[in-house]
Amino acid sequence: MIHIVICDDETYMSHHIRTMASDFFRKKNREISLRLFSSGEELLDYDGQIDILFLDIQMKDMDGMETARKLRADKFRGFIIFITVLKEMVFRSFEVQAYDYLVKPVKEKQFERTMERLYASMCSASEDRLLVQKRYESRIIRKEEIVFCEIIDRKIYLNLASGDVVDYYERIENLETKLDDYFFRCHRSYLINLKHLKGYKNGIAYMDNGGEIPVSRLRSRELSSVVLQYMKNM
């Protein structure tokens, strides 16, 4: 599911963007969720996932540019598309790594051009991300953030660099096929990310988050050659 947020103090414009976004992703056969906010303050209080943010620049009190700065300072990594009546405002959008801008009144062709490019970017970026589905929820995780994966009683535990642990049901063999070649199956119950490997000694792989992962005797010799190959390709 793609999580979309629209923040604009004009109700008509919010509904207009919502309609075009719904139509666009329906044609792509992609499920989306949509939330609307009328101010930057409301948006900053929201702690849900946002993949695409349509953000009006000219709003009362806190404007869109200041809102975007605060979001980026809080490690927001989603796509920002500004909505504005002033074309010259686009030059300030580089400060907050905005993806694009739409000039009011937003026309359908203009919207679709931007969204086609953005959708292509999302599809290519998904190669570096892992989609985790748990019951009725889904989460997108950047693969490089995974330090190591552990399986316990048929449940996968993804240990992330942030300290978070994400658990869900999947076979470790299936997970292994979805990960990149810098992940190594060092044990029947563990996959480690070589990008986070600090060292190896006496059958233990030491990870940069403090994790100590067992390496089976059958895999220890292979680990050395895999690490060397990884270092050559860095």
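Which residues have the most contacts inside the largest nonpolar core? In this predicted model, they are L130, I146, L158, L175, L179, I192 and I213. The core holds 31 residues. Strand β8 gives the most to it, with five residues. In general, nonpolar side chains of soluble globular proteins tend to be buried together.

Leaving out residues up to four places away in sequence, I146 touches L130, I141, L158, N159, L160, L179, F183, N193 and H196. Another core lies apart from the largest one. This other core has 21 residues, including I81, L102, V106 and F111.

Now turn to the sheet. Five strands form an open sheet in the order β10-β9-β8-β12-β11, and the pairing is antiparallel. Strands β10 (165-169) and β11 (183-187) stand at the edges. Each has a single partner strand, so one side of each is left without a neighbour in the sheet. On average, neighbouring strands here are turned by 20° against each other, direction ignored. Strands of a sheet pair through backbone hydrogen bonds, either parallel or antiparallel.

Look next at one pair in that sheet. Strand β8 covers residues 146-152 and pairs with β9 over six bridges, in the antiparallel sense. I151 stands opposite I156 in β9.

Strand β9 runs over residues 155-160 and includes N159. Is N159 buried or exposed? Its relative accessible area is 14%, so N159 counts as buried, the cut-off being under 20%. Beyond its neighbours within four places in sequence, N159 is in contact with E145, I146, V147, F148, D164 and V165.

Finally, go to helix α1, residues 11-27. It has 17 residues, which at 1.5 Å a residue should span 24 Å. The expected span is 1.5 Å times one less than the number of residues. The end C-alpha atoms of α1 are 25 Å apart, which agrees.

Where do the buried residues of α1 lie? They are M13, S14, I17, M20, A21, F24 and F25. Seen down the helix axis, these buried residues fall within an arc of 135°, so they line one face of α1. On the other side of α1, T11, Y12, R26 and K27 are exposed. Just after the helix, N29 takes a positive phi of about 60°.

Key
Residues are numbered from 1 along each chain as its sequence is written. This is a predicted model: local features need pLDDT of at least 70, side-chain atom pairs count only at pLDDT 80 or more; totals for chains, interfaces and linings use all residues. Side-chain values use heavy atoms; hydrogens and water are left out. Helices (H or I, at least four residues) and strands (E, at least two) are DSSP runs, numbered from the N terminus. Buried means under 20% relative accessible area, exposed over 50%, partly exposed in between (1.4 Å probe, protein chains only). Contact means heavy atoms within 4.5 Å. The arc is that of the directions from the helix axis to the C-beta atoms. Two strands pair if DSSP finds at least two bridges between them. Axes are lines fitted to C-alpha atoms, for helices over the stretch in contact, and angles run from 0 to 180 degrees between N-to-C directions. A nonpolar core is a set of buried Ala, Val, Leu, Ile, Met, Phe, Trp, Tyr and Cys residues joined through side-chain atoms within 4.5 Å.
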